[in-house]
Amino acid sequence: DLKITIKVSASAERVEERAPTAHSSHRWLSWFAGFLGLLAQLTTVGDVSVEDYKRRWQELNDSPDYHVAVAEDSSTGKLVGTASLIVEKKFIHSCGKVGHIEDVVVDEAARGQKLGQRLIEELISIAKQQGCYKVILDCGEHNVPFYEKCGLTKKEVQMVKYLDR
């Protein structure tokens with residue numbers, strides 16, 4: 001049984017004191033491998049150097065509209081899940097805000113313990129605190145039952161045009 005801590009932050013620096021800091025290179029490398037390893041279970045990560053990783057975390061840290069939730073095994077410090085929330089500012093709905101949930105993944109070895117649901121619940125809570133009038137996400141048809149368990153409903157159609165192909 002994993003002892004899990006759910007942490008939310010716009011950057012590694014704000015995910016409590018155990019997270020990497022600019023001065024803890026060992027912790028950075030641990031998060032670098034763990035975080036990108038999780039994302040690789042979801043999609044293609046590509047080539048990301050440690051410097052690119054640090055730079056991107058800093059960009060996220062500088063944005064009040066980007067939140068990363070991580071599930072960490074408290075006994076080992078291993079990251080076992082992650083999900084992100086991006087808050088979009090709109091003109092519609094009285095200059096409302098929409099939360100976009102992205103990059104939801106739980107380590108294969110830790111699935112079946114409702115970690116994904118806990119990550120989603122945490123991000124929905126932040127979206128409410130940020131004043132979002134709704135939260136949306138895109139997912140594969142096979143993931144619809146999971147997201148319905150998290151309280152989301154299927155609506156409309158996703159469209160995409162890849163710009164890197």
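Which residue of β4 does T82 stand opposite? I shall answer that in a moment, once the setting is clear. Please bear in mind throughout that this is a predicted model.

Let us begin with strand β3, which covers residues 79–89. Eight of the 11 residues in β3 are buried, and the strand is therefore described as mostly covered. On one hand, β3 pairs with strand β4, residues 97–106; the two run antiparallel and are joined by eight bridges. That brings us back to the opening question: T82 stands opposite V105 in β4.

On the other hand, β3 also pairs with strand β2, residues 66–73, again in the antiparallel sense, over seven bridges. Here Y66 has I86 of β3 as its bridge partner. Together, β2 and β3 form a hairpin, with five residues between them. In the turn of that hairpin, G77 has a positive phi of about 80°.

Is L85 buried or exposed? Its relative accessibility is 0%, and since buried means under 20%, L85 counts as buried. Which residues is L85 in contact with, once its neighbours within four places in sequence are left aside? They are D65, Y66, H67, G99, H100, I101, L123, I126 and A127. As for distances, L85 and A69 lie 16 residues apart in sequence, and their C-alpha atoms are 8.2 Å apart in space.

We turn next to helix α2, residues 50–61. This helix has 12 residues, and from its first C-alpha to its last it reaches 16 Å, close to the 16 Å expected at 1.5 Å a residue. Which residues of α2 are buried? They are Y53, W57, L60 and N61. These four cover an arc of only 100° around the axis, so they sit on the same side of α2.

Finally, a word on the cysteines. How many disulfides does a search of the whole structure find? The number is zero. C132 has a relative accessible area of 14%, which is under 20%, and so it is buried. C139, with a relative accessible area of 32%, is partly exposed.

Thank you for your attention.

Notes:
Residues numbered from 1 in each chain as written. Predicted model: local features only at pLDDT ≥ 70, side-chain atom pairs only at ≥ 80, totals over all residues. Heavy atoms only, no water. Buried < 20%, exposed > 50% of the residue type's maximum accessible area, 1.4 Å probe, protein only. Pairing = 2+ DSSP bridges. Expected span 1.5 Å × (residues − 1). Arc of directions from axis to C-beta. Disulfide = S-S within 2.5 Å. Contact = heavy atoms within 4.5 Å.
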